[in-house]
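Open the model in your viewer and keep the selection tool at hand. The tour goes stop by stop.

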Amino acid sequence: MCQKAIYPGSFDPVTYGHIDLIRRAQEIFSEVLVAVAHNPHKKPLFSVKERVAMLKKAVVDIPGIEIRDFSGLVIDFAKKEKARVLIRGLRMISDFEYEFQMALTNRKLDPHIETIFLMPQESYSYLSSKLLKEAASLGASLSAFVPDFVEKAIKEKMRKE
Ligand code: ADP
């Protein structure tokens, strides 16, 4: 039974790791809604509007992907969207504890919603938006990690800061 799945996250900004997961999810689920969290306490580099716009551009060649923003609890958003499945990514063991806690908390809040974990291609398994931003601030090339337009946007943003 194919279902609608929601892939929630900060996506600050989108990386090849996120895109890899979106492609995998799209092959399994009938609809994939990528949900960009407001998360103001995380002090994102990019506004929600910018993160949504970059995601839209990054997945333009993948059919059937919707990108939207949301605030509040992801399970409330999922209920509103009539989705029962949340997609999350597991890169390394270090992700496991946090993701496990979050999945079980969400299950407690709404037992009807399942979290499904996908693993990226190995070469993206160490990739995180946070590390990328640090590397960019030290002048690293990001071409192996994000599309060109995302690298440009990061560097532009950092110049203005
Ligand atoms: P959050 O702030 O919700 O963790 P992220 O944008 O950092 O938002 O990540 C969203 C989801 O995507 C998380 O489940 C995270 O583990 C997963 N993810 C992030 N980067 C990668 C990657 N390189 N490969 C696979 N999954 C990833």
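Select Y124. Y124 is buried, with a relative accessible area of 19%; buried means under 20%, exposed over 50%, and partly exposed in between, with a 1.4 Å probe and protein chains only. This is a predicted model, in which local features need pLDDT of at least 70 and side-chain atom pairs count only at pLDDT 80 or more, while totals for chains, interfaces and linings use all residues. Residues are numbered from 1 along each chain as its sequence is written, and side-chain values use heavy atoms, with hydrogens and water left out.

**Aromatic pairs**

The structure holds 5 aromatic pairs. Rings of Phe, Tyr and Trp (its six-membered ring) pair if their centres lie within 6.5 Å; planes under 30 degrees apart count as stacked, over 60 as edge-to-face and the rest as tilted.

Which parts of the chain does the pair of Y16 and Y124 link? Y16 is in helix 1 (residues 16–28), and Y124 is in the loop between strand 5 (114–118) and helix 5 (129–137), 108 residues apart. Helices (H or I, at least four residues) and strands (E, at least two) are DSSP runs, numbered from the N terminus. Y16 counts as partly exposed, at 25% relative accessibility.

Now select F70 and F77. Their ring centres are 5.1 Å apart and their planes at 25°, so the pair is stacked. F70 is buried at 8% relative accessible area, and F77 is buried at 5%.

Next, select K57 and F149. K57 lies over the face of F149, at 4.6 Å from the ring centre. The test for a charge over a ring is NZ of Lys or CZ of Arg within 6 Å of the ring centre and within 35 degrees of the ring normal.

**The ligand**

Select the ligand and its surroundings. The ligand is surrounded by 17 residues, and the closest are Y7, S10, F11, K42 and G89. A residue is near a molecule if one of its heavy atoms lies within 4 Å of it.

Go through the polar atoms:

- K42: a polar side-chain atom lies 2.4 Å from a ligand oxygen atom.
- G89: a backbone N or O atom lies 2.8 Å from a ligand oxygen atom.
- R91: a polar side-chain atom lies 3.2 Å from a ligand nitrogen atom.

How much of the ligand's accessible area does the protein cover? The protein covers 91% of the 550 Å² that the ligand has on its own. Accessible areas come from the Shrake-Rupley method with a 1.4 Å probe; for residues, only the protein chains shown count as cover.

F11 is found in the loop between strand 1 and helix 1. F11 is buried, with a relative accessible area of 3%. Its phi is near 50°, a positive value in a residue other than glycine. Most residues other than glycine have a negative phi, and most peptide bonds are trans.

Move to P13, in the loop between strand 1 and helix 1. The peptide bond from D12 to P13 is cis, with omega near 0°.

Now pick L45, in the loop between strand 2 and helix 2. L45 is buried at 14% relative accessibility. L45 and D12 are 33 residues apart in sequence, yet 6.5 Å apart in space, C-alpha to C-alpha.

**The nonpolar core**

Select I22, V34, L55, I65, I67 and I87. Of the 34 residues in the largest nonpolar core, these touch the most other members. Such a core is a set of buried Ala, Val, Leu, Ile, Met, Phe, Trp, Tyr and Cys residues joined through side-chain atoms within 4.5 Å.

Colour the contributors. Elements that each supply at least two core residues include strand 1 (4–9), strand 2 (31–37), strand 3 (65–70), strand 4 (85–89) and helix 6 (148–160). Helix 2 gives the most to this core, with 5 residues.

**Last stops**

Select R51 in helix 2. Is R51 buried or exposed? R51 counts as buried, at 1% relative accessibility.

Go to K4 in strand 1. K4 is buried at 14% relative accessible area. Its side chain makes a polar contact with the side chain of E81, at 3.1 Å. A polar contact is a pair of N or O atoms within 3.5 Å; within protein, one must be able to donate a hydrogen and the other to accept it, and residues adjacent in sequence count only if both atoms are side-chain atoms.

Finish at K82, in the loop between helix 3 (74–80) and strand 4. K82 counts as exposed, at 74% relative accessibility. Phi of K82 is near 55°, a positive value in a residue other than glycine.
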